[in-house]
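Here's a protein model to look at together. Have a look at it first, and then we'll go through it with some questions and answers.

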Amino acid sequence: MRQLLVFAERDDAEEVAETLSEWFPGLGVPAVVRETLAGEDDAEDAQWLVVLEGLDGEHLPQVDALVEERDGWRESG
């Protein structure tokens with residue numbers, strides 16, 4: 001299942017992606033992408049997403065704790 005980790009800051013998203021690639025090397029490096037909200041006029045308000053695929057559900061609490069440390073949240077996608 002795909003997990004989307006959402007952050008306001010690019011640095012937070014990149015650091016989380018790097019940490020996850022160290023924790024779960026079999027998954028590779030998660031993609032970091034910028035997503036603008038529908039109707040968003042100001043590109044500076046765009047969110048940064050870490051796209052995480054193939055992670056077992058048992059690891060989600062560990063991922064959630066990491067994401068929350070960076071003021072982000074997780075959405076199943």
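Q: Which residue in β3 does A31 stand opposite?
A: This is a predicted model, where local features need pLDDT of at least 70, side-chain atom pairs count only at pLDDT 80 or more, and totals for chains, interfaces and linings use all residues. Residues are numbered from 1 along each chain as its sequence is written, and side-chain values use heavy atoms, with hydrogens and water left out. Strands here are DSSP runs of E, at least two residues, and helices are runs of H or I, at least four residues, numbered from the N terminus. In β3, the residue opposite A31 is V51.

Q: Over how many bridges do β2 and β3 pair?
A: Two strands count as paired if DSSP finds at least two bridges between them. For β2 and β3 the sense is antiparallel, and the number of bridges is five.

Q: Which strands stand at the edges of the sheet?
A: The open sheet has four strands in the order β2-β3-β1-β4, with antiparallel pairing. An edge strand has a single partner, so one of its sides is left without a neighbour in the sheet; the strands at the edges are β2 and β4.
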